[in-house]
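Subject: Structure handover

Hello,

Here is the structure I said I would pass on. My notes on it follow below.

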2 protein chains.
Amino acid sequence: MTRIPGSADALLTDLYQLTMAAAYFGEDMRETAVFELFVRRLPPTRRFLIAAGLERALEFIGALRFTATQLEFLARQGSFSQPFLDYLGAFRFTGTVHAMPEGSPFFAEEPILRVTAPIIEAQLLESRIINIIHFQTLIASKAARCVLAAGGRRLIDFGMRRAHEGDAALFAARAAYLAGFDATATVEAGRRWGIPISGTVAHSYIEAHDDEDRAFRNFTMGRPAHTTLLIDTYDTGHAAERVARLQSELRAQRSTHGIDSVRIDSGDLEVLAKDVRRILDEHGCQDIRIVLSGGLDELRIAALVSSGAPADAFGVGTSLDVSADAPALDMAYKLQMYAGRPRRKRSPGKATWPGAKQVFREYGPDGVALRDRIVLDGERAAGTPLLAEVMKSGRPSATSPSLETIRRDCSRHIRALPKYVLQLDDGGSAAFSVIRSAALEALAAGAE
Amino acid sequence: MTRIPGSADALLTDLYQLTMAAAYFGEDMRETAVFELFVRRLPPTRRFLIAAGLERALEFIGALRFTATQLEFLARQGSFSQPFLDYLGAFRFTGTVHAMPEGSPFFAEEPILRVTAPIIEAQLLESRIINIIHFQTLIASKAARCVLAAGGRRLIDFGMRRAHEGDAALFAARAAYLAGFDATATVEAGRRWGIPISGTVAHSYIEAHDDEDRAFRNFTMGRPAHTTLLIDTYDTGHAAERVARLQSELRAQRSTHGIDSVRIDSGDLEVLAKDVRRILDEHGCQDIRIVLSGGLDELRIAALVSSGAPADAFGVGTSLDVSADAPALDMAYKLQMYAGRPRRKRSPGKATWPGAKQVFREYGPDGVALRDRIVLDGERAAGTPLLAEVMKSGRPSATSPSLETIRRDCSRHIRALPKYVLQLDDGGSAAFSVIRSAALEALAAGAE
């Protein structure tokens, strides 16, 4: 996944960004534009979203360059002038970016990122900025729900194989960890970001051996310790008994090898987990933990937890890595100001709020968030401003926080949301209160 | 998106693949395994799937290497022996691969790819092979439905921004084109595969100008020809009149500039398209085409077509690039043979058919497919075998077909499916007939 720094992504954009840039260039439109990134409305199954992807977005912005090969391809299209291509050849982003930190909970119509730059520069970022931030935000928001459902039990990302290609697999692991997952099975995510990696064994390993007992013994003796065995290939109850006998033997031999946990990946997980727990306990294996996986999402996890299924950890795969119930967010990057004048799109169902904006979150005396207030940039309001400057004159304003810091802050911010926002059922009428300042309302009325 | 050839993807895998490989290595299990890739069941909204992603999968297999940096990371985990790490350092895939060509329609439980190799080699491919082929198959299958819905009208992929990160954006463009789309807005997909690129203009461009008329004029005069104007920023009807007047003026001046089409991106597309068509026609602009976009999927396209909406082209975005109604397929890569013995997983709901298999498609005298028959490899059956050898001893058996060839073959194969398979409504009872040979049934019974 190593990239040639900088140049690689310039053509990973929609053609119209380049066409519009060429038009602005030709018309000599060089004034400052303000674009904001926001989600128009939340999916029915989300009561809040978690901002994620900023670190990668800023890397993209800072490194955006057009190589000679890319310019040659554009020249061959026959619709770009040589002066414009020369402009692209010298392109550097010189603007300012404000954003909510990664890990921030946010709501519909709140700007999570604002770009202030000459219009061509701000326009050229659009497609890839959405592409980067949309995805990690999508996954972090799904993962946060799994964390709420799991009630403190361990969560492991198992979704790599059905994530949408390589980048998605990697950044899903990052976004899930940021939102409170404990580990991922994706090795490269461990290497790249230090996320704890976790892995067990697949059915194929069990099947490749002539019998299950042999497979269990060989795997356990071949591992230094902390082995997890998969016990649902043939008969889960029989397999649990095999595991318990093997563990007892190893204990009797004072072996350094041992079984840390068993994984159940199919069938009625509640019933099987209870059976397996009973079998293990009857054989004195109270120390062996149970990992459940197989088609899990936050609703199934919540049901397993509330049924008292004795699960110590959950592996969550496809439903996390593709955010299966809501595989896209209605995220948009819209022009709010140009040349000092507010701009407003009025397309039916897609009207925007004009002007450069800030969001304040107000907390009650108990530390629980009361409401958000969207205001015009520069207005004062009660509470804490959520957007901060992260890039100035094309350079990062500060070093990015570590992933561990983001993860800790994310957990703290989520815990500060009111209880009704943290419920897993559909939002209904109890949405978190987001209001707008009088000045913003007046500006929008004036821009009609 | 340029990669360092070969080495880059080795750790883009699930940890358990490496753990199992280490176990096989330690147990000296070097016999030949047969793994097959298939989809367990079709999503309710799919009556067929389109195989895609093989070219990239074979590139991955041929180039899979472990670099010193990657091996150091694995060594630091403390659970891999030095002899095993040395084995990985010298790793090359040496096996054989059979597969259905890209663009092949297929059905539940049919193997679309079969790997025959020493078990470690075949096992190490699993996560990434699924990751690659699952995604392009997912998108090609969704795109094929859009093509059926559009009834010959042009289709353009607009989905880059909400695709799941960079790789997904690129390979969605490829998969959609392969299945019959006509163009993509994603510039890099054009550069990389020669897919026609298409782009118009965004609302921000219109809003950045002090009035819409100025925006239309400037954009049209700044382009060599074939301009598409976006007409729903403020009032679509008024905008259509502006476009018609501008076109008439340009004609009167015998200008080389001109408007090729208009795009409507919001509102009631059927009503607006009819209004706009009428306005344009009344002004003598029968030559200006109408492009519709904005939340379209195959069902909305079918509804627009059947309502007589005068659309010449459709831009399809998010619903295509994330396959919104079915964002994942139940695709699995399962061990079917090891050391010459068939293997069978019997987990509830996830039981597999053992043995190395082939699929034959039988056609009637009218050229329409009658049924598929899954047989044991080496059996003869009526019709055409769908899997062919694509890699032998770790080397490609032939050069990959061109994307244009795949696209043409895909269209031909889809046209040969019976009409009821090509309907867009949920599958219900009228599934395409897939049967199994007596020998396969007997083998499965024996492996119970």
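Into which domains is chain A divided? Before the answer, please keep in mind that this is a predicted model. Chain A splits into domain 1, made of residues 7-141 together with 326-446, and domain 2, which covers residues 151-321.

The centres of the two domains of chain A, taken over C-alpha atoms, are 38 Å apart. Where they touch, domain 1 of chain A contributes 14 residues and domain 2 of chain A contributes 16. On the domain 1 side, α5 (119-150) and α14 (403-415) of chain A each supply at least two of the touching residues. Helix α14(A) gives the most to that side, with 5 residues. By class, the domain 1 side that touches domain 2 in chain A has 9 nonpolar, 3 polar and 2 charged residues.

Some overall figures for chain A:

- Chain A holds 15 helices and 19 strands.
- Its C-alpha atoms fill a box of roughly 80 × 55 × 35 Å along the principal axes.
- Chain A has 448 residues, and 55% of them count as buried.
- Among contacts in chain A with a separation of 6 or more, 73% are between residues 24 or more positions apart.

Next, the two chains. How is chain B superposed on chain A? A rotation of 180 degrees does it, with 0.0 Å of shift along the axis and an RMSD of 0.0 Å. The two copies are therefore related as by a two-fold rotation axis. Both copies use the same surface, as 100% of the contact residues of chain B recur in chain A.

The axes of α1 (residues 15-26) and α5 (residues 119-150) of chain B come within 9 Å and cross at roughly 175 degrees. Angles over 145 degrees count as roughly antiparallel, so α1(B) is roughly antiparallel to α5(B). Which residues of α1(B) meet α5(B)? They are B:Gln17, B:Met20, B:Ala21, B:Tyr24 and B:Phe25. Facing them in α5(B) are B:Ile119, B:Ile120, B:Gln123, B:Leu124, B:Glu126 and B:Ser127. Sorted by class, this contact of α1(B) with α5(B) has 7 nonpolar, 3 polar and 1 charged residues.

Regards

Conventions
Residues numbered from 1 in each chain as written. Chains lettered and ligands numbered in written order. Predicted model: local features only at pLDDT ≥ 70, side-chain atom pairs only at ≥ 80, totals over all residues. Axes fitted to C-alpha atoms, helices over the stretch in contact; angles between N-to-C directions. Helix = DSSP H or I, 4+ residues; strand = E, 2+ residues; numbered from the N terminus. Parallel < 35°, antiparallel > 145°, perpendicular 65-115°, else oblique. Contact = placed C-beta atoms within 7 Å. Nonpolar A, V, L, I, M, F, W, Y, C, P; charged D, E, K, R; others polar. Buried ≥ 20, exposed ≤ 12 C-beta atoms within 10 Å, placed from the backbone. Domains from an automatic or database assignment. Least-squares fit on C-alpha atoms with pLDDT ≥ 70 in both.
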